[in-house]
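Hi there,

Here is the structure I promised to pass on to you. Have it open while you read, and I will walk you through what turned up.

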Amino acid sequence: MSPTLPPVRTRLTDLAEQAGVSTATVSRVLNGKHGVSAQARQAVLAALDVLGYERPEKLRTRSAGLVGLVVPELANPVFPAFAQVIESMLTERGYTPLLCTQSPGGTTEDQYVEMLLEHGVAGIVFVSGLHADTSASKERYHRLRSRGMPIVLVNGFADGVDAPFVSTDDEAALDLAFRHLVSLGHRRIGLAIGPERFVPAQRKRAAFAENLARHLGVTKPDEHIVSTLFTVEGGQAATLELIASGHTAIVCGSDMMALGAIRAARSRGLEVPDDLSVVGFDDSPLIAFTDPPLTTVRQPVLAMGHAAVSALVAEINETPASRTELQFHPELIVRGSTGAAPVVVQALDDVAAG
């Protein structure tokens, strides 16, 4: 016996509750009636999708065009978060997003771009792509621009490329993390960061060195920095080095690295945050539910996604967006992975200072 659909009233109630609007509003949207704000209409459409209902034929609008969205591998949850926000906002603007995700040994960024051009996309958004890699040629972006292709580059400034840039303020992120740890009494603070060729890593590294000098009087930052990969394994390897050299707190270049740092601490019989404090970067989805809940610096993904889509649509409509890099201020989210510096270490530092 085939399952029957729930009563219409129940479906309207479920949709209204999910969308945060009245059942009357849901009814007007489903029937294509006027008198509904764009925001309420979008909320009802999103509720249909979330609850698994097929959109009525009359609500399926014709796409304004295809837009490519190129992101790195999806293993780091912050990239799916960016993709979801950007895709949603493109859809709100009437565009159909084509998501291109990279993986080691898989399709390259250049191969994806070639495919997107064959599909006649109206524009392309690159998130943490080769534009962020200082060792990679920027000629690929110059070629796209020379053929009039609108592009927006997220998290990674490439000087000389004619495109809007949207980034998190890495210097501010490092300042927030470092000041937090200093306020907890830490004096041996290390940085676990990804490969130096990436712009965000370079910026965090430079800001870390400035903070070491400003707050702790340390003028030789290299012994407090370990460059590795932006992965759990990279964070673990870097942290083992930093623990061995006496650090009591570690700032990590990503939440994934921070999870690796916690794993490294436990492998050495240390407790987080009693023996080692750890700060991540991104505030990826679900990161608040780690053990312990991770203190991290949140990227403003929603605001950045909105800015990237707005800039791209402006480019598509031939009203060029600003070429000045838009840097968005991050937010320190204090949870359970940071605490006061170990008492013994504090006492030794006080003696040394005296």
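Predicted model: local features only at pLDDT ≥ 70, side-chain atom pairs only at ≥ 80, totals over all residues.

Asn155 is worth a look for its backbone. Its phi is positive, about 55 degrees, although Asn155 is not a glycine. Asn155 is also buried, because its relative accessible area is 9% and the cut-off for buried is under 20%.

A second residue with this kind of backbone angle is Asp282. Asp282 is not a glycine either, and its phi is positive, near 130 degrees. You will find Asp282 in strand E9. With a relative accessibility of 3%, Asp282 counts as buried.

**The sheet**

Strand E9 brings us to the sheet it belongs to. This is an open sheet of six strands, and their order is E7-E6-E8-E9-E10-E12, with mixed pairing. At the edges are strand E7 (225-227) and strand E12 (331-333), each of which pairs on one side only. From one strand to the next, the twist averages 20 degrees. As a bit of background, strands of a sheet pair through backbone hydrogen bonds, and they do so either parallel or antiparallel.

For an example of parallel pairing, look at strand E6 (residues 189-193) and E7: the two run parallel and are joined by three bridges. If you want to find a residue pair there, Ile193 has Ser227 in E7 as its bridge partner.

**The helix across the sheet**

Now turn to helix H7 (residues 170-183). Helix H7 lies across E6, strand E8 (249-252), strand E9 (277-282), strand E10 (295-298) and E12, and it runs at about 160 degrees to E9.

Is Asp170 buried or exposed? Asp170 counts as buried, because its relative accessibility is 4% and the cut-off is under 20%. Setting aside neighbours within four places in sequence, Asp170 is in contact with Pro200, Arg203, Lys204 and Phe281.

**Two cis peptide bonds**

Which residues does a cis peptide bond with omega of about 15 degrees join? That bond joins Val272 and Pro273. Pro273 lies in the loop between helix H10 (255-267) and E9.

Another cis peptide bond leads from Asp291 to Pro292, and its omega is near -5 degrees. Pro292 lies in the loop between E9 and E10. Pro292 is buried, with a relative accessible area of 9%. Leaving aside neighbours within four places in sequence, Pro292 is in contact with Ile262, Arg266, Val272, Gly336 and Ser337. Notice Val272 among them: Val272 is also part of the cis bond to Pro273.

**An annotated stretch**

Finally, go to residues 12-55. An unreviewed UniProt entry annotates them as "domain: HTH cro/C1-type".

Enjoy exploring, and send me any questions you have!

Best wishes

Definitions and conventions. Residues numbered from 1 in each chain as written. Heavy atoms only, no water. Pairing = 2+ DSSP bridges. Helix = DSSP H or I, 4+ residues; strand = E, 2+ residues; numbered from the N terminus. Axes fitted to C-alpha atoms, helices over the stretch in contact; angles between N-to-C directions. Contact = heavy atoms within 4.5 Å. UniProt positions renumbered as here; feature names shortened; annotations may be inferred. Buried < 20%, exposed > 50% of the residue type's maximum accessible area, 1.4 Å probe, protein only.
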